[in-house]
Amino acid sequence: MTLLSVSHLSAALGGRPVLHDISFDVGPGELVGLIGPNGAGKSTLLRALMGLTPASGAIVLDGEDGGDLTATRRALKVAYMAQSRDVAWAMPVEALVALGRLPHLPRLSPMRAADRAAVDAAMRLMDVEAHRDRQATALSGGELARVLAARALAQETPLLLADEPAAGLDPSHQIGLMQVFHSLAQEGRSVVVSTHDLGLAARSCTRLILLDRGRVVADGTPEAVVTANNLKSVYGVEAYFGEVEGRMVVLPLGLSTPSSKEHRA
Amino acid sequence: MNDARRYQMALAALTLATLILFCLSLLVGPAGIGFIDSVSALFSERRDAIALIMQEIRLPRALLGLMVGATLGLSGAVLQGYLRNPLAEPALIGVSASASLGAVLAIYTWLSAVFPPALPLAALAASVVAVLIVQAMAGRRGSVLTLILAGVAVSSFAGAMTSLALNLSSNPFAALEIMFWMLGSLTDRSMTHVWLALPFMLAGWAALLTLGRALDALTLGGDTAASLGVDMRRVQFLAVFGTAASVGAATAVTGAIGFVGLVVPHLLRPLTGGQPSRLLPTSALGGASVVLAADILVRIVAPERDLKLGVLTAIVGAPFFLWLVWRERRKVA
């Protein structure tokens, strides 16, 4: 059984091909990290999965063809955290998190008890309850990132796609966020997060997908994907590898030698 | 909850203000009719002078003030929410300038002198043409930027054609009539104008009022709104056609009344907790209050000179807007 199935997905932006023939499945319980250098196509892939960027190929979301889903049906199956954290109006945090309940609300119906409970639970998980009445535009970058994550959690979907949700968070909230995603996965949901933090991805994700120039170059456990070879050929960096309490630790140390960059070009 | 409470208070206060101003608008005028006489004349079957003044002059004027003000406030709130920009206003999509052009052509060709309803009808037809062009330009994918650029182009073209009509006008009286009409006014409108504008406005309001939740979601940007189940093409269609129908009809019967659609949503936003869905009814009531109040003012300030409503809203609105900007600037600094 899969919650997300992608086959032969290709996409272009402004006539330039960005994604080439991408295929993978994500099942319940998986916390998938999407990694790759700038311009590898991580955001475009997530946007294509949401139907926000035109793409060829097939996307199946929770058993239904992505192309046939109505906007509301899709919103009940998959939540999306955009990379942009732009909030247009000075809205209180609670009202902003409550936007996650929109797909659940019948037309003209106000928030019901279940909706309020979901909003409260999401705010508690992301540690933003104390900011409930503050205006979203007055929050710090990291606080806003957590509020937006709470907004996505309040949507209570089987599948969550998050575009760099951990960027700008302090270490404790980065770890907290990944723990929340991990517990979602343990409940049988699926989470796909893009990130540039290789260490965080290797530590927290059950599986990593490495993208380079629009292609999947590695897909598997963190140990299988984050290898010295892959980091050198894809990122052009040398890294320190270690292990703490049975979990992988990786720390990029420096640029690799020019000869390996030639190989990249 | 504090926020919801403040919103309800604001809504109640604005409803009351609109009602009071509507009644005042019925009572103020050069004829100087007493309160009891006015009210009884409004509902009387007699056809005496007082009944005529109340039913044929003041009632349509007050009704149009209410309708036009609500239209400007509501469409301003919707466009600011849709474009996610506090500087958006109803004139942005080119409907106001095009409706003006249609009206000016009706005056220029003397059509309106032969057949008075030709003026609002020509204005409405021109705004329909404008919105079709803008919507076709913006296309099915509905880029916000294309929409704004198309609106600017259509506005500029309509403005140039209006200038051309003035330029070529052989008769100074026609030119003067065009100028006066463009200033925007509620004077000497009849119930015909009300009945002409009402269906378009009702249709426009119905379209705009369905957008509340979609505009709330748009606070987080178009992508997030789409991921929350908002059909962005539908939102654009309803925002553009709702504005076109209601603002087109408003401009057709009163001429251009500036600043209301820009300032009112901006002013009332803090009372709504920044939630666009709450701003829609608030801003509609606020717009109605402002236009009714301004229309009462022009009658009190210069009863003999026929001061134009659009002139007053711009004279008061522009400095007031500057003050708002000044206050915002200090808050940011």
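This is a predicted model: local features need pLDDT of at least 70, side-chain atom pairs count only at pLDDT 80 or more; totals for chains, interfaces and linings use all residues.

Trainee: How many helices and strands does chain A have?
Mentor: Chain A has ten helices and twelve strands. Here helices (H or I, at least four residues) and strands (E, at least two) are DSSP runs, numbered from the N terminus.

Trainee: What radius of gyration does chain A have, and what would a compact globule have?
Mentor: The radius is taken over C-alpha atoms, and the globule rule is 2.2 Å times the number of residues to the power 0.38. For 265 residues a compact globule would come out near 18 Å, and the 19 Å of chain A agrees with that. Along the principal axes, the C-alpha atoms of chain A fill a box of roughly 60 × 40 × 35 Å.

Trainee: Now the sheets. What is the strand order in the six-stranded one?
Mentor: A general idea to begin with: in a regular strand the side chains alternate between the two faces of the sheet. Two strands pair if DSSP finds at least two bridges between them. In chain A, the six strands run in the order β6-β7-β8-β3-β9-β10, forming an open sheet with mixed pairing. At its edges are β6 and β10 of chain A, each of which pairs on one side only. From one strand to the next, the twist averages 15°.

Trainee: Which strands does β3(A) pair with?
Mentor: Strand β3 (residues 31-35) of chain A runs parallel to β9 (residues 207-212) of chain A over four bridges, with A:Ile35 partnered by A:Leu210. Four bridges also join β3(A) to β8 (residues 190-194) of chain A, again in the parallel sense, and there A:Val32 stands opposite A:Val192.

Trainee: And where does the antiparallel pairing of β9(A) come in?
Mentor: β9(A) pairs with β10 (residues 215-220) of chain A in the antiparallel sense over five bridges. A:Leu211 has A:Val216 as its bridge partner in β10(A). The hairpin of these two strands has two residues between them, and A:Arg213 takes a positive phi near 45°.

Trainee: Which helix lies across this sheet?
Mentor: Helix α1 (residues 42-49) of chain A lies across β3, β7 (159-163), β8 and β9 of chain A, at about 145° to β7(A). Contact here means that the C-beta atoms of two residues, placed from the backbone, lie within 7 Å. Axes are lines fitted to C-alpha atoms, for helices over the stretch in contact, and angles run from 0 to 180 degrees between N-to-C directions.

Trainee: What about the four-stranded sheet?
Mentor: That open sheet has the order β2-β1-β4-β5 in chain A, with antiparallel pairing. Its edge strands, β2 (16-26) and β5 (64-65) of chain A, each have a single partner strand, so one side of each is left without a neighbour in the sheet. Two bridges join β4 (residues 55-61) of chain A to β5(A), where A:Glu64 is the bridge partner of A:Leu61.

Trainee: How do I read helix packing?
Mentor: Two packed helices are described by the angle between their axes and the distance between the axes. Helices α4 (residues 113-125) and α5 (residues 141-154) of chain A pack at about 140°, with axes 8 Å apart. That angle makes α4(A) oblique to α5(A); under 35 degrees counts as roughly parallel, over 145 as roughly antiparallel, 65 to 115 as roughly perpendicular and the rest as oblique. The crossing is right-handed, a term for the near helix being turned clockwise from the far one by less than a right angle, with anticlockwise being left-handed.

Trainee: Which residues of α4(A) and α5(A) make the contact?
Mentor: A:Ala118, A:Val119, A:Ala122, A:Met123 and A:Leu125 of α4(A) meet A:Ala150, A:Leu153 and A:Ala154 of α5(A). By class, this contact has eight nonpolar, no polar and no charged residues. Ala, Val, Leu, Ile, Met, Phe, Trp, Tyr, Cys and Pro count as nonpolar, Asp, Glu, Lys and Arg as charged, and the others, Gly among them, as polar.

Trainee: How many residues does each chain give to the contact between chains A and B?
Mentor: Chain A gives 22 residues and chain B gives 21 residues. On the side of chain A, α2 (71-77) and β6 (78-81) are the elements that give two or more residues, and α2(A) has the largest share, four residues. That side has 17 nonpolar, three polar and two charged residues.

Methods:
Residues are numbered from 1 along each chain as its sequence is written. Chains are lettered from A and ligands numbered from 1 in the order in which they are written.
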